[in-house]
Amino acid sequence: MKFFETLLAIDRRIIFLLVAIAVTLPLFSKAILHIEVSPTVKAVYDAVESLPPGSKVLASFDYDPASAPELQPMALSFFRHCFSKDLKVIIIGLWPQGPVQANIALEDIFRDPEIKAKNLKYGEDYVNLGYMAGNEIVIQSMGSDIHTTFPVDYSGNRTSELPLMKGIKNFDNIDFVYNLSAGYPGTMEWVQFAVDRFHAILGAGNTAVQAPGMYPYVQTGQLVGVLGGMKGGAEYEIIAKRPARAVSYMFSQGVSHAVVVFFVIIGNLAFFATRGKKKESQEVGKK
Amino acid sequence: MGVFLFLRKDMSKTRHLFFESKSTFFFLIFVLSLFFLFIPFSARAEETPEIEGETLQETEAPPAPPTDIVAKDTPNDAGNSITITWMKSEDDGAGRNNVMGYEILRSTVVDGEYEFIGNTTVGAQQFMDTDTKDKVEYFYKIKAITQVLSSISLPSRPAMSTQQWFNTDRINTLIAVLTISFAIFYFIRRARGGRKLYVRKIAGLEALNDAVGRATEMGKKVFYVPGIMDMNSMMTIAGITILGKVAQLTAEYETKLEVPTSRSMVMVSCRETVKEAYTNAGRPDAYNDDMIYYLTDDQFGFAAAVDGLFVREKPAAIFLQGHFFAESLILAETGNSINAIQIAGTAAVAQLPFFVAACDYTLIGEEFFAASAYLSEDPKLLGSIKGQDVGKFLFLLAILVGVIFATAGIFDLSKFFVTR
Amino acid sequence: MRREVPLIITGVVGITLIMSFFIPHTPFNRLEMLFTHWYQIVAAFAIVLGILNLLRVNLDKAYKRQKDWFFGLVVVASFLLIVIPGFLFSGGRSFQEPGTPFFQIYFYVYVPLMSTMFALLAFFVASASYRAFRARNKEATMLLLAAFFVMLGRVPIGYYLSSWLPENYQLAAVADWIMDFPQTAGQRAIMIGIALGIVSNSLRVILGLERAYIGGE
Amino acid sequence: MSTTLGVWIAAFLTLGIMSFLYKDNPIYKFCEAVFVGVSAGYWFVVESINVFLPRVWDNLAIAVNVLQEQGKIDWFHWSYLLGGILGVLMLLRLVPKIGWISRWPLGVIVGTTAGLWLVNYLVSNAMVQVRHTIIPLYVAGDLNATIGSIIIVVGTFCGLIYFFFSKEHKGAFGGAARIGIWFIMITFGASFGYTVMSRMSLLIARMDFLVGTWLGLIK
């Protein structure tokens, strides 16, 4: 009983230490675990897969480096999927650091020989229109005209002079919208404005925290599907048959999870074990 | 209000309420088995869409032209747009089945030169021209194209784009706004007339006094964090209103209050609020601008600094009321580790679980917005709470009636809630 | 005057913006954007107030040799460390391009600080779940069970633990099921409630019944 | 081990922040001070160059340009001048005697927020969610869908009842409110469980930086 009581009042720092160990040690292993693909991830994958070559895809990068561990792998596998299917990608960002993250992802993806062989050209196969302040208002304004919303691209070229942007006026000319979001503005705003007001088709990758909040929208069909966190990224890598960073981190993820679950179980065991005793002593006290 | 009590660190207070040990244990088993019983029985069907093998047969004859071209001003917009509809070519999906798409042509003169303005995929019957000048007549022709040949339809009747003054698609939203607003107005008026309204207890708000009182007894500070968003969030504004009440308490109890903010404008507004509260409490001398200070606009920079403040100042009570994001748990766990009484409130749904787990009391969503009215005890404000309950009742009624109708297959009430 | 004018402004602006939702005609269709831009402009001006306050407090601390005065100096120094290159040596508007001094400080100082602070959540989540997820009563049990299943269902461990079960009883399916149905239902109730709370609170603000943010006479 | 100076600085700051987990200490205080200073400066620069310049300066430049070249008054772009004036009024706070004028821009902003939030939340949160809760309870031949529908309708219904303020939670009403809070608790639990993973990912990436990028222990 004494043991359990100590356990209940355990110093948080011991928990911290165990978590750190659980996360770090598996990084040295090369094990790959089985990953189940959830229907919401498959839905996003299928939506991209069903687009004919040459379709225009808008990717909005609404996150900052702090959330990059979760969202960057999704950005990479999404770009790979799009480029290997010859889709045209238009990048924007509602967060100032978003387009920077997109450029980092593009740099990574172009190192892949398969993609490199395609010899993709800026302006024809992909464009980065950069960041625009204004949150959901930007989305709304894109609904009437993308060119006036983004007069110039990330490096200052006139948007109207980019070949890819020639036939694109608003969401009517965009076949699929993909949003990587770590908060506000993010998927909720894309649903409220791009989908509800302009009937865009929207898929999203979210941090694992936000993803549950998006389930109601998936259920209602406002959102095609959603990738939740690093696991969602790993699932996408699996379904696309290109396991990469997210998959390799899954072992750490699993072990650290197990540690938390273990703590929850121990906490409850200790709780039930000490509870009867406390009750007794209380009754004794009453006498 | 036992719901919140299980979260209190001081377990002795909760024990009497829910501590029937066996029943809880059996309940756990019961729910566990329910979870397994309710799991879906049938496998999720793998949907593999069948792709029909398309046979493109090239024929010498051009496709049948599209017919019945109708051009109309796009409704409910700010002009500059005309919507064109047509009946598809007889060779689209039928007949020779060789149509590959349509091109949309436009002119300002019926027999003038038509310019190409856009194209659609095969099977389409609608196109929105979003590049028109208002009050100018346009004529449209639709061209059906195959791989090599094409045929042009007859021109449409003239159409003109205009701006509308009312968006008829949003009439249901207008009704909803008006109904709920009317209910709120009505009860505010009625409350003005002096009728007493019942409002149920909200545990977190009942504890407000205790929290400030405890800080006073211990001779420690009270910290109030109004979220990390600016005045462009209603949650910040609601948080500042609650700050007014807390400041009044700290003024009365002569307890030290500190308000770190993450936005400059919030700092400005909080200063006004706290100053006013101290004046109302008859202690304007105890107020000082330095009680409210700006740290940084950055989410985690702010969290790092506030964490430091928490562990160094060891406040006895911490209020986290406003619009929070991921830093919610960083703040709440650090507050918890220094054994402060913590009362949180937010409508950021994703952060609620962390506040519930790490704080003593949490105002959940609507409770948070009702808090200012509840605390003021001003009948007018309480009336507005009654008004929003009427809104809730109407929604519940709609769900109930709608579900009954839908189940019986009589009528689809959800149509009324379609928003555009 | 000091109180009435701002309250009238609030009311008029609020009602105008509600109306603009229903009126597609110009200028109403542009009001939402215009007012949001105004907010951004005011916020950009207002940040000066915050910065001045921050610098004053920290310089004061250093000047008066209060406790931790040295760290007050660090705040001011690191502020200047990024502001001076940002305004003067990073090519004006392209200050965020990779390679500028501003970007270097951003990348090697700001990003690691931000990411690490965020990563601390991993530890806090663990300690919070250890404390909070105990079957103390029925509500806490619900919380515990939902968290337990979702946590396990989302990682490979859950798969290994339950792979012997029929597919629809495996932990991943259970987690999906919880997320799809009870979770969605609870979330929906909270969302509808929040919407009503916001309508009521906004109306109180527009009507001038709630005016703490404005201050007194 | 990394040979880049930046990586060493980043590693020092990473460890400094992590040391807070053990206890407050001078290294954490230092990192915290750097963080506050650098981030305040970062946002100051970003707001100035990314918001002030394009929103005020550029728009007024367009307005003046139109006036000069076409002799027309471009109301839309000139209206940004008003935004600039509101901003200046905000700064009057620095002059104690007329500081109260800063309440005007505050009034404009609060009015904007109240108006926009009222409609947007009513539409996207309430109407859309109510609409999707109006579903048939019984789905022929599909037991799962039937159970799912019932759970969604009952959960939403009871959850909303919990939020009733003006009626005492007693009797059948109280029972429904009780079921409602169970659903809300499940929602919280599930969201929390989902989050654990998210937070672990962040730590994994940070640890990967420390042992991989900095120390070079992972090949």
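Buried means under 20% relative accessible area, exposed over 50%, and partly exposed in between, with a 1.4 Å probe and protein chains only. By that rule C:Q183 counts as buried, because its relative accessibility is 0%. C:Q183 is found in helix α7 (residues 171–206) of chain C; helices are DSSP runs of H or I with at least four residues, strands are runs of E with at least two, and both are numbered from the N terminus. Contact means heavy atoms within 4.5 Å. Leaving aside neighbours within four places in sequence, C:Q183 contacts A:P212, A:Y215, C:I178, D:T187, D:A190 and D:S191.

The model is predicted: local features need pLDDT of at least 70, side-chain atom pairs count only at pLDDT 80 or more, and totals for chains, interfaces and linings use all residues. Residues are numbered from 1 along each chain as its sequence is written, chains are lettered from A and ligands numbered from 1 in the order in which they are written, and side-chain values use heavy atoms, with hydrogens and water left out.

Chain A has 12 helices and six strands. Its C-alpha atoms fill a box of roughly 85 × 40 × 30 Å along the principal axes. Of the 287 residues in chain A, 62% are buried. Among contacts in chain A between residues at least 6 apart in sequence, 74% join residues at least 24 apart. Chain A exposes about 10,400 Å², and carbon and sulfur atoms supply 59% of that area. Accessible areas come from the Shrake-Rupley method with a 1.4 Å probe; for residues, only the protein chains shown count as cover.

Salt bridges were examined next. Side chains of opposite charge can pair when their charged atoms come close. A salt bridge is a side-chain nitrogen of Lys or Arg within 4 Å of a carboxyl oxygen of Asp or Glu. The structure holds 36 of them over all chains. A:K42 bridges to A:D46, with the closest N and O atoms 2.9 Å apart. Both lie in helix α3 (residues 39–49) of chain A, four residues apart, about one turn of the helix. A:K42 is partly exposed at 24%, and A:D46 is partly exposed at 31%. B:K392 forms a salt bridge with B:E366, again with closest N and O atoms 2.9 Å apart. This pair links distant parts of the chain, from helix α12 to helix α11 (residues 366–376) of chain B, 26 residues apart. B:K392 and B:E366 are both buried. In chain A, salt bridges join A:R80, A:D112, A:E114 and A:R242 in a network.

Over all chains, 58 aromatic pairs are found. Rings of Phe, Tyr and Trp (its six-membered ring) pair if their centres lie within 6.5 Å; planes under 30 degrees apart count as stacked, over 60 as edge-to-face and the rest as tilted. C:F70 and C:F71 are edge-to-face, because their ring centres are 5.4 Å apart and their planes at 70°. C:F70 is partly exposed at 42%, whereas C:F71 is buried at 15%. C:F102 and D:Y42 are stacked, because their centres lie 5.6 Å apart and their planes at 20°. That pair crosses between chains, from helix α4 (residues 101–132) of chain C to helix α2 (residues 26–70) of chain D. C:F102 is buried at 1% relative accessibility, and D:Y42 is buried at 0%. Ring pairs link both residues into a cluster that includes C:F103, C:Y106, D:F35 and D:W43.
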